[in-house]
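Have the model open beside you as you read.

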Amino acid sequence: MKKWIVLLSMLIVLVGCNEKQEESPIDSPPDEQDGTKDVDREGSFTHEAILEGADMAAFFLEDGATAHFHGEGNEFATYTTRMEWLDERHVNVYENNGGVELAKSYRIDDDRIVLLREEPLQTENETVSIEEIKELKSIRPYLISPLEVGDEIGSWTVVSVDETVETPMQQFEQVIVLEETFEDGAVSRSYFAIGFGEIKRSYSAQDGDNPFEVTSEIESIE
């Protein structure tokens with residue numbers, strides 16, 4: 001059991017970092033404009049449009065929004081995320097699980113979202129500036145568009161683009177599901193809803209004869 005606790009702590013804090021990926025072939029950001037991105041949550045981004053290559057900004061909440069996730073199975077599974085839009089193409093997501101606060105910086109390109117930075121904050125109230133992240137190359141792809149079942153995004157595979165997911169906050173339809181399978185048979189899944197972004201994470205493994213599972217599900221946004 002101990003090895004799963006250690007592994008899950010890392011997975012919940014650093015989802016998707018099991019294997020470092022090659023840099024995205026798109027390393028030059030497009031032209032940017034000043035100001036934050038205000039995404040319409042009322043349905044401007046349809047499921048079909050995203051799958052066919054619409055604005056990838058639909059996979060983040062609006063500037064300043066804080067999402068609360070309820071966790072089961074591990075003390076680090078409960079966490080919050082806070083959005084900070086730096087301009088129309090760059091966004092920071094500050095993720096705090098009570099033990100560490102992680103800063104994740106992303107760039108939104110026409111056909112993908114790429115991760116530029118993923119590091120724990122060193123001091124309280126520390127921020128990551130636009131000047132810092134504009135100089136960075138992509139670590140790995142986070143999401144791509146258009147999307148089809150079977151597509152590979154780094155070490156993840158798209159296993160569904162039309163899932164129904166029940167969370168403490170609400171039921172989500174047409175959820176996109178990514179899956180990563182490890183050599184020991186353990187499986188991580190990440191669930192994305194258009195207009196919200198990541199709404200759920202799960203990790204399942206077998207500890208001897210005992211199944212082991214950790215889940216994090218969105219429960220509120222403020």
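## Ground rules

Contact here means heavy atoms within 4.5 Å. The model is predicted, so local features need pLDDT of at least 70 and side-chain atom pairs count only at pLDDT 80 or more, while totals for chains, interfaces and linings use all residues. Residues are numbered from 1 along each chain as its sequence is written, and side-chain values use heavy atoms, with hydrogens and water left out.

Let's start with Asn92, which sits in strand 3, residues 90-96 (strands are DSSP runs of E, at least two residues, numbered from the N terminus). Asn92 is buried, at a relative accessible area of 0%; buried means under 20%, with a 1.4 Å probe and protein chains only.

Leaving aside residues up to four places away in sequence, Asn92 touches Arg82, Met83, Glu84, Leu86, Lys104, Ser105, Val128 and Ile133. Its side chain makes a polar contact of 2.7 Å with the side chain of Ser105 and another, of 3.4 Å, with that of Tyr94. A polar contact is a pair of N or O atoms within 3.5 Å; within protein, one must be able to donate a hydrogen and the other to accept it, and residues adjacent in sequence count only if both atoms are side-chain atoms.

## The largest cavity

How large is the largest cavity? Its volume is about 310 Å³. A cavity is a set of points on a 1 Å grid over the protein atoms alone where a 1.4 Å probe fits but cannot get out; lining residues have an atom within 4 Å of a point. The volume is the space filled by probe spheres set on the points, which are joined across faces, edges and corners.

Of its 27 lining residues, Tyr106, Tyr142, Phe192, Glu198 and Arg201 are the closest to the centre.

Note on methods:
Helix = DSSP H or I, 4+ residues; strand = E, 2+ residues; numbered from the N terminus. Buried < 20%, exposed > 50% of the residue type's maximum accessible area, 1.4 Å probe, protein only. 1 Å grid on protein atoms, 1.4 Å probe; cavity = no way out; pocket = protein on both sides within 12 Å on 5 of 7 lines; lining within 4 Å.
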